[in-house]
Amino acid sequence: MIKNIVFDMGNVLLRYDPEVPLQMFCATEEERSVIRKELFEGPEWVEGDLGTITNDMKYERVKARIPLHMHAALKRCVYEWRVCIEPVRGALAFCEYARKKGCGLYVLSNASDEFYEYFPIFSPFDYFDGIVISSDVHMVKPDVRIYRHLMEKYRLSPEECLFLDDTEENVAGARQAGMQGMVFRGDYEEVKNRYAL
């Protein structure tokens, strides 16, 4: 029986779409292509989620790999990428529904410490029964240890937890930790129907 819903943040609670800042801040397709690859798909993004580098360090490292004329666009993408963030349609209503059903609500997200600046767009932190952010614990999904950390910290039984994430590999990590898991595709009605919530 599901007693707890564990949410990924990006594209489950809050929209995350690098194409938005890339379109806003880059003048050409070449700039978008280079900055997409070197910033959003580069190793520094993961290091930020691990909590091992700051935004300033991220900018300096990526800047060293790209042409000078792209530095201004890169800087805006590093420091202003959050322009894409807005609540996912139906997410808060589903949280309210699940809480009324008696479920505990938790967040488990790969995110840098910027999370604490933008997450209140969705809700106050104390709306949730618990939050674990990768940069705080220096582990990222799908490392099975981060799921176990969440369960140990909040004394949760894995078989009573449903984990929602938009990435298959992250859901696989949750299942490896003993949780139930579903790849979320933007439809909270599907979650309700599949798990009879």
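Student: Leaving aside neighbours within four places in sequence, what is Phe163 in contact with?

Tutor: Its partners are Val6, Asp8, Leu108, Lys141, Tyr147, Asn170, Val171, Ala174, Met179, Gln180, Gly181 and Met182. Contact means heavy atoms within 4.5 Å. The model is predicted, so local features need pLDDT of at least 70, side-chain atom pairs pLDDT 80 or more, while totals for chains, interfaces and linings use all residues. Numbering starts from 1 along each chain as its sequence is written, and side-chain values use heavy atoms, without hydrogens and water.

Student: Why is Phe163 called buried?

Tutor: Its relative accessible area is 0%. Buried means under 20%, exposed over 50%, partly exposed in between (1.4 Å probe, protein chains only). Phe163 is therefore buried.

Student: Where is Phe163 found?

Tutor: In strand S4, residues 161-165. A strand is a DSSP run of E, at least two residues; a helix is a run of H or I, at least four; both are numbered from the N terminus.

Student: Which residues of the largest pocket lie nearest its centre?

Tutor: Tyr16, Phe40, Trp45, Asp49 and Asn110, out of 28 lining residues. Helices H2 (29-40), H3 (43-50) and H10 (168-176) give two or more residues each. H3 has the largest share, three residues.

Student: How many lining residues of the largest pocket are nonpolar, polar and charged?

Tutor: 10 nonpolar, eight polar and 10 charged. Ala, Val, Leu, Ile, Met, Phe, Trp, Tyr, Cys and Pro count as nonpolar, Asp, Glu, Lys and Arg as charged, the others, Gly among them, as polar.

Definitions and conventions
On a 1 Å grid over the protein atoms alone, a cavity is a set of points where a 1.4 Å probe fits but cannot get out, and a pocket is an open set with protein on both sides within 12 Å along at least five of seven lines; lining residues have an atom within 4 Å of a point.
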